[in-house]
Amino acid sequence: MWKKTVLFTVLLYASQAYSQYYITGQEPSNLRWHQIDSQDFRLIYTQGNDSLATVFNDYINSSLKTVPLTLNHTLSKFPVVFHSNSILSNGYVSWAPKRMEVISSHPFDASPVPWLEHLALHELRHIVQLDKIYGDKFRFRNIVLGQQVIGFKLLFTPSWFLEGDAVYTETALSGWGRGQSAYFYRNLLAHIATNNGSKYKYDKWLLGSFKHHIPNHYEFGYQMVGYVNQKYGSNIWSKGLKDVSKKPFLVAPFQKSLKKQTGLSTKKIFDEVLSYNDSIWKSIKVSDEEVTNIPLLNKELKNNYIEYKYPFVTTNHGLIALKTSLDKTPRFIKVDLNTKDEETLYKPGYLTSRASYNDSLILWSEYRALPRWEKLNYSELWVYNINKQKATRITDKTRYFNPIAYNDSTILAIANTPDGREIIVSMSYQGIFKQKVKVTSGYELKEICKGPNTTFFARYTTSKGAIILRYNDISALPDTLLGPHLSDIANLAYGNGWLYFTKTHNYIEKVFAINVLTHSLVSVSNSSFGLGNLSYNKCLVASAFSALGSLPVRVNTSETKNTETFEKTRPYYPIDSVTLSVFNSKDITASSATDTTISKYSNLRNLFNFHSWAPIYFNPSDVSSGLVELYPGATILSQNLTSSLVTSVGYSYSKTHGIHAHAEWLKWYPKIRAGVSYGNQYSTAVGKPNEYTLFSETNRPLFRANLRVDVPYIVSSGNIISRVNAGLQLLYNNNWHWNNEANDYQKWQANVAPYISFYALSRMATRDIRPRLGFQFNMSRLEPVFSSNIFGPITQVRTWGYLPGVGSNHSLLIGFSALFQKEAKYIRSLQYTTARGYKTSPIKKHNLLTADYTFPIIYPDLAIGPIAYIKRLIGNIFSDNAWQSAYFNSNQGLTLQQKALHSVGIEIIADINFLRTPYLFRVGYSGGYRVDKTNLINSNNIFHGVILSMDINSITGYIPSAHAIYLNQKQR
C-alpha cells in the first residue's frame with residue numbers, strides 16, 4: 001500500500017513539475033527585445049510594440065493599487081513577458097521560472113473593457129495568489145527547492161479557486177467582467193431551471209464529464225468564490241492561501257481552512273450555490289415573447305450538447321450553421337427546412353472569429369500556425385462555395401478576422417496590424433487588397449456588420465465601454481450610432497432599417513435593436529435562457545440556448561418595446577463590502593508610473609535565470625518522457641524569460657561522484673539539445689581475452705555526451721494537423737569493448753542517430769479516444785562511428801494508421817513496426833515493443849503488426865467518495881503478431897532462432913480523477929492469451945497486467961510529437 005501511495009504521489013507531482021517547466025514557444029529569432037523596468041515589475045517586449053507595451057505597463061501599475069489588497073499580501077517584484085505576434089489571445093502565470101506571459105491580440109468577444117486592462121487584472125491576481133502561496137523566499141522549503149516548490153503546494157490549491165478568484169477580481173475591480181455576462185453563467189442557470197434543481201452531483205460539476213456538457217473550472221470557480229465572498233467576505237481566501245503556504249504537509253489544507261472559517265465543506269458550499277442559482281432563476285420574469293420565436297428545426301436535444309452556431313436562412317429556404325457537439329468536431333452544415341434533411345458541407349479548422357454567409361458563400365477566419373515559431377501565427381480568410389462544394393483559402397499568412405460579403409466583388413474584414421492595432425480592409429474574393437479604413441487610436445475593433453447599400457457598422461471597445469459606429473461607405477468618416485455603454489453588446493445583424501444586437505439583461509442574453517435613422521432603441525425578444533449568433537436575411541435568425549445546447553429559431557421582430565436606455569448590468573454575485581471599499585477608494589484608470597526606465601533587453605546578459613534547485617539529482621528535460629532517474633545529490637535549474645535557453649547542472653553520487661550539465665537552445669530555427677555527464681557510475685569493460693568474466697566495471701568514471709538537433713516543421717493546422725520533425729543525434733561514451741582484430745579494447749563508443757517523424761491527425765472531439773483519421777510515421781537509425789566491426793547499425797520504422805470504427809467515437813488503430821540490427825562483434829540489448837504477453841529478448845530482427853479496436857463502454861460519472869471520480873470506461877480488443885529473429889542462450893552460446901509471437905486480448909480502462917484533482921489518470925486491466933499453435937489450449941498461455949498511465953501532454957492540450965525512439969539504451 002505504501003509503495004502504491006508513493007507511486008501515485010510521484011506521478012501527480014511529475015505532472016505538476018511538467019506544467020512548471022512550461023515552455024509555450026518562442027518568438028522569431030530575429031526580433032530584438034526591450035524592457036520597461038520599475039520598482040514592482042519588469043515588462044519585456046519585442047521591438048516595435050512600444051506603445052502597446054506602455055499601455056499594458058500602465059494598466060499593471062494601476063491594478064497594483066487594488067488587486068493585492070483583498071488577499072492581504074505585499075507582492076514581490078515579478079517579470080512580465082509581452083507577446084504581440086500571436087493571434088491566440090491568452091495570458092498565464094507560471095512559476096519556475098516565475099513570470100507572467102500575455103498575448104496582446106484581443107479576442108473578438110463581447111467584453112466592453114479593453115483587453116489589456118482585463119489581462120492586467122486577471123493575470124496580476126494570479127501573480128498575487130502564487131506569490132502568497134510561495135511565501136517567504138527564506139522559508140526552509142523554498143531555500144531547498146527554489147521556485148519549483150510551488151508545484152507541490154499547488155497540489156493542495158484547487159484550480160477552481162485560482163481561476164474563480166481571478167474572474168471575481170476582474171469583475172469587481174473594473175467596469176466589467178465575465179461575472180456580468182450571461183454567456184458565462186447561463187449553463188448552470190439553464191440546468192437548474194430545466195431540472196428544478198441540479199440532477200448532477202458535486203464531483204461532476206467539479207471534474208467535468210464526457211457524457212454531458214459541464215462548465216469549466218472558470219465558471220465553476222466563479223460560482224464558488226462569488227458565493228463565499230457574498231456570504232462571508234473575500235478576506236476568507238487570504239487565510240486559506242496562507243495555510244497552503246505554511247502547512248502543505250497537512251491533508252487538504254485549503255479545504256480545511258475554508259471549512260474552519262465557514263463551517264461548511266466545499267461540497268456543502270456548492271449545495272448552497274445551487275440554491276442561490278435557483279433563487280436567481282425564480283426572480284427572473286420570462287417574457288411571453290419567447291413563445292413567438294419560431295423553431296426552425298423540429299429537433300429535441302439530448303445528451304450530446306449540440307449547438308447550431310451562426311445560423312443563417314437562405315432565400316431558397318435552407319439553413320446554414322456551424323454545428324458542434326461532444327462526439328464530433330465542428331462542421332458547417334446545410335439543412336433543407338422543408339424536408340429537414342441535413343448534410344455536412346465542410347469541416348474547418350479552428351475559427352478565430354464568427355462566420356458569415358450569403359446565399360452561396362460561407363466566409364470565416366481560421367488559425368494557422370507557423371512552421372517553427374509558436375509565438376508567431378496567423379488568422380487567414382477562407383470561403384466555401386456552396387454551389388461548387390469547394391473551400392478556398394483567400395489570404396496567406398495574414399491576420400484577418402470577421403470577413404463579411406460587402407458586395408459581389410468585395411469582402412470587408414478586420415485586420416490586425418504589425419503594431420497591434422486594428423483597421424478595416426476591403427479586398428477581392430481572391431484576396432487582393434483594395435482599401436483600408438482608419439480606426440480611432442485606442443479603440444479595439446471587435447466586430448463588423450453589413451448594412452444597407454454601401455453602409456456597414458463596426459463595434460468597438462473603448463476605455464468607456466462598447467460603441468457602435470456607422471460608415472456610409474468605405475471612404476466616409478463614421479458617426480456614432482450607439483454608446484459608449486459598459487454592456488456586452490455583440491452579435492450585430494442589420495435588417496429592414498434596424499441594427500439588431502444582443503446584451504445581458506436581467507441575467508439573460510436578450511435581443512435589442514436601434515433604428516439606424518432615428519436612433520430609437522427597442523427591446524426585441526427574449527427566451528428562457530437567451531439568444532445569440534444573430535443573422536438577418538429577410539428575417540432575423542438566432543441561436544436559442546438551453547441546458548442541452550442551442551437550436552436555430554426565427555425571432556419575432558414585430559412586437560418590440562421602446563426603451564430609453566440600458567439598465568446597469570449587475571454582477572451575478574454582488575461585490576462584497578471589502579472588495580467594494582477597495583474599488584471605491586482607488587482609481588484604477590491607467591496612469592503612467594514615474595519610476596520606470598525603458599531600455600534594450602540584453603539576451604546575452606539574461607541568458608541564465610537560475611530559479612530552482614533540488615536536494616536530489618535529476619534531468620528536468622526527461623520529466624515529460626517519464627524516464628526520470630533520481631540519485632542523491634543536487635540539481636540547479638535555469639530557464640531564461642524568453643524561453644530560448646533551458647539549462648541544468650547537477651551533482652550526484654551512486655557508485656562514485658558525478659557531475660552533469662544539460663542545455664536546450666531554442667532561439668534558432670533548429671532546436672539544439674546537448675548534455676554531458678561525468679561519473680556517478682563507472683565505465684564498463686565488455687569482453688576480455690582468457691577470462692570467463694564477460695562484463696566488468698573499470699575504475700574510470702563513466703563519461704557520456706550527446707548532441708541533438710531537431711528541425712520541426714508544422715505542415716498544416718486546419719481540421720487535419722500535420723507536422724514533420726527531422727533531426728540528428730550524436731552520442732558518445734567511454735565504455736570499453738574488446739576488439740579481437742586490434743587485440744585491444746576500443747575505449748570509447750560514438751554513434752550518430754538520424755531520424756524523421758511525421759504525423760497527420762484529424763482534430764479530436766470531446767468524446768474521441770483517438771483521432772478518427774490519421775497517420776503517423778517514425779524512422780530512426782543508429783550508426784556506429786569508426787567501429788562497425790564492434791557494433792552493427794540499427795534501423796527502426798514505426799507506423800500507425802487511425803481509422804473510424806463502426807460506432808460513435810469508436811477507433812481502429814493499425815500499427816506496424818520493423819526493427820533490424822546488423823550483426824557485428826557485439827549485439828545490443830534493445831528497448832522495443834513486442835506482442836503483448838511476451839518478454840523482450842536480444843534480437844536481430846523484429847516485425848510487429850498490431851490492431852486495436854477501442855470504444856467507449858459507458859460514461860458513469862461515478863464518485864467514490866472524495867477518493868476517485870470515474871468519468872469513462874473504455875474497452876479495447878487487441879491482436880498482436882510479431883515475427884522475430886532472436887538470440888537465446890544455449891550450450892553453444894548465443895544462437896539465433898526464428899519465432900512467431902501471437903496474442904489476443906481485451907483491456908478495460910477507466911479514466912479517473914483522484915482526490916478531486918483535475919489530472920486525468922488511466923487505470924485498467926489488460927488480459928490476453930498467447931496463441932501457441934503447438935500448444936493451443938494451455939492455461940499458462942493466459943496473461944494479465946495492470947494499466948496505469950497519465951498523459952501529461954493531454955493536460956496542456958498538445959498533440960504529442962512522434963519523436964524518434966533511440967536504440968542505444970541497454971537493458972541488462
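## A walk through the sheets, rings and loops

Strands β11 and β12 pair in the antiparallel sense, with two bridges between them. Strands here are DSSP runs of E at least two residues long, helices are runs of H or I of at least four, and both are numbered from the N terminus; two strands pair if DSSP finds at least two bridges between them. Before going on, note that this is a predicted model, where local features need pLDDT of at least 70, side-chain atom pairs count only at pLDDT 80 or more, and totals for chains, interfaces and linings use all residues. Residues are numbered from 1 along each chain as its sequence is written, and side-chain values use heavy atoms, with hydrogens and water left out.

Tryptophan 364 lies in β12 (residues 361-369) and tyrosine 346 in β10 (residues 342-346), so their pairing ties together parts 18 residues apart in sequence. The ring centres are 5.7 Å apart and the planes sit at 40°, so this pair is tilted. For such pairs, the rings of Phe, Tyr and Trp (its six-membered ring) must have centres within 6.5 Å; planes under 30 degrees apart count as stacked, over 60 as edge-to-face and the rest as tilted. Tryptophan 364 is buried, at 0% relative accessibility, while tyrosine 346 is partly exposed at 23%. Buried means under 20% relative accessible area, exposed means over 50%, and partly exposed is in between (1.4 Å probe, protein chains only).

The structure holds 49 aromatic pairs. Take tryptophan 160 and tryptophan 237: their ring centres are 6.4 Å apart with planes at 80°, so they meet edge-to-face. Tryptophan 160 is in helix α6 (residues 159-172) and tryptophan 237 in helix α10 (residues 236-246), so this pair links parts 77 residues apart in sequence. Both of these tryptophans are buried. They also belong to one aromatic cluster, along with Phe161, Tyr200, Tyr202, Trp205, Phe220, Phe254 and Phe270.

The charged end of lysine 747 sits over the ring of tryptophan 736, 5.0 Å from its centre, and arginine 828 lies over the face of phenylalanine 791 at 4.1 Å from the ring centre. To count, NZ of Lys or CZ of Arg must be within 6 Å of the ring centre and within 35 degrees of the ring normal.

Inside it, eight bridges join β24 (residues 498-505) to β25 (residues 508-515), running antiparallel; phenylalanine 501 has phenylalanine 512 in β25 as its bridge partner.

The loops around this sheet deserve a look. Asparagine 496, in the loop between β23 and β24, has a positive phi near 55° without being a glycine, and it counts as exposed at 66% relative accessibility. Most residues other than glycine have a negative phi, and most peptide bonds are trans. Asparagine 556, in the loop between β29 (549-554) and β30, is buried at 14% relative accessible area. Its side chain makes a polar contact with the side chain of serine 558 at 2.6 Å. (That term covers N or O atoms within 3.5 Å; within protein, one must be able to donate a hydrogen and the other to accept it, and residues adjacent in sequence count only if both atoms are side-chain atoms.)

One runs from alanine 96 to proline 97, with omega near 0°, and proline 97 is in the loop between β4 (90-94) and β5 (99-103). Another goes from glycine 483 to proline 484, with omega near 5°; here the proline is in strand β22 (residues 479-485).
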